[in-house]
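Hi everyone, thanks for coming. Have a look at the sequence and the model on the screen, and then I'll walk you through a few spots I like.

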Amino acid sequence: MSESPLLSIQDFSLEFNTFDGVYQAIADVNIDLAKGESLGIVGETGCGKSVTAKSILKLVPSPPGRVRAGRILFNGEDLVQASEERMRAIRGLDIAMIFQDPMTFLNPVFTVGNQLVDVIMAHQRFLPQRESRSRREARDYAIEMLRKVHLPNPETQFHNYPHQLSGGMRQRVLIAMALSGRPQILIADEPTTALDVTIQAQILDLIGELMKDLGLSVILITHDLGVVALLCNRVVVMYSGQVVEDASVKALFDNPAHPYTQGLLAAVPHPGRSSGVLSGIPGQLPNLLDPPKGCRFQARCSKAMAACGEMAPLKRIGKDQSVACWLYGEDGHA
Ligand SMILES: Nc1ncnc2c1ncn2[C@@H]1O[C@H](COP(=O)(O)OP(=O)(O)OP(=O)(O)O)[C@@H](O)[C@H]1O
Ligand SMILES: [Mg+2]
């Protein structure tokens with residue numbers, strides 16, 4: 001990639017201070033997001049997807065969270081060092097985030113329209129004077145945003161309370177809120193897991209459409225590889241706080257390189273597969289209060305070797321594929 005990335009997480013490590021000791025949640029993570037790119041982050045529960053995403057917007061509570069090392073560069077500015085006031089301007093206007101459960105983020109005692117207008121008005125103080133809106137103009141803009149996310153009858157829904165909307169409609173309202181500040185980056189953390197399957201598909205379609213229309217760069221966090229295949233061009237695979245593979249979606253599905261990625265793909269039900277047996281990955285996640293040195297997957301890996309006591313750097317093994325594993329030699333072959 002010749003152009004420098006829009007967002008670049010570099011050698012990022014984060015820990016939590018707990019009663020039992022220091023929990024080393026994220027270790028030496030490197031992730032780049034290019035302009036216009038749609039990046040998936042996948043990995044099993046607890047591997048650090050949400051903590052990584054929240055770190056971008058400085059939303060990890062501190063304490064107990066503490067950045068141990070690394071930088072998160074947005075247009076060259078290190079967000080790890082940014083003040084809370086600076087982050088307030090960045091959240092929503094440059095980088096916005098949507099979460100799994102829309103109800104948690106909507107206040108039950110105010111109408112959805114009022115909450116959307118409040119968000120739009122809160123952005124005003126960070127905008128140049130000529131772009132600021134009166135509350136009335138903000139209301140018109142709010143309805144325009146609700147229309148953009150295909151909320152049916154936006155003028156009527158504007159006056160409704162969150163409980164009067166379905167789960168899918170509430171998620172649309174949250175997407176409208178997230179996009180009302182016209183951010184460059186949208187981070188979607190499991191945006192559809194709380195919804196039923198048909199609604200999931202509609203929300204995913206909507207995110208895909210908005211990505212194209214608004215030229216958004218997207219980070220989509222999911223444990224669902226099908227969602228990645230549908231919406232992303234690139235994917236980062238995390239295991240226990242480490243990035244083990246970073247590849248184009250095609251390269252990852254055609255030729256998963258890291259033994260963990262291979263296990264993850266083998267665990268996905270496949271209609272064409274005859275055996276009908278799902279292969280899991282035997283073993284357990286390491287204890288991050290006392291993590292193993294080097295690769296955190298080694299205890300579960302059938303190909304582990306002495307070298308795994310040191311973490312392999314992400315090495316490019318193809319045009320669109322990098323893997324952090326000593327199985328791959330200088331020539332990029334196992
Ligand atoms: N506030 C906290 N205090 C202590 N540990 C935390 C805190 N928040 C997250 N963790 C730990 O950090 C690790 C990564 O959590 P994270 O929420 O990022 O996982 P995830 O990959 O998003 O999982 P899921 O798929 O279940 O959402 C987990 O082991 C979690 O227990
Ligand atoms: Mg999560």
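Let's start with a rule: a charge sits over a ring if NZ of Lys or CZ of Arg is within 6 Å of the ring centre and within 35 degrees of the ring normal. Here, Arg133 lies over the face of Tyr141, 3.9 Å from the ring centre. Arg139 does something like that too, with its charged end over the ring of Phe158, 5.0 Å from the centre.

Some housekeeping. This is a predicted model, where local features need pLDDT of at least 70 and side-chain atom pairs count only at pLDDT 80 or more, while totals for chains, interfaces and linings use all residues. Residues are numbered from 1 along each chain as its sequence is written, chains are lettered from A and ligands numbered from 1 in the order in which they are written, and side-chain values use heavy atoms, leaving out hydrogens and water.

Now, rings with rings. Rings of Phe, Tyr and Trp (its six-membered ring) pair if their centres lie within 6.5 Å; planes under 30 degrees apart are stacked, over 60 edge-to-face, and the rest tilted. How many aromatic pairs does that rule give? The count is four. One of them is Tyr239 with Tyr260, a tilted pair with 4.7 Å between centres and 55 degrees between planes. Tyr239 is in strand S9 (residues 234–239) and Tyr260 in helix H11, 21 residues apart. By the way, helices (H or I, at least four residues) and strands (E, at least two) are DSSP runs, numbered from the N terminus.

Tyr260 also pairs edge-to-face with Phe297, at 5.3 Å centre to centre and 65 degrees between the planes. Phe297 lies in the loop between H11 and S11 and Tyr260 in H11, so this pair ties together parts 37 residues apart in sequence. Put together, Tyr239, Tyr260 and Phe297 form one aromatic cluster.

Are Tyr260 and Phe297 buried or exposed? Buried means under 20% relative accessible area, exposed over 50%, and partly exposed in between (1.4 Å probe, protein chains only). Tyr260 is buried because its relative accessibility is 0%, and Phe297 is buried because its value is 3%.

Last stop: Glu310, in the loop between helix H11 (259–266) and strand S11 (315–318). Glu310 counts as exposed because its relative accessible area is 54%. Leaving aside neighbours within four places in sequence, Glu310 is in contact (heavy atoms within 4.5 Å) with Gly294, Cys295 and Trp326.
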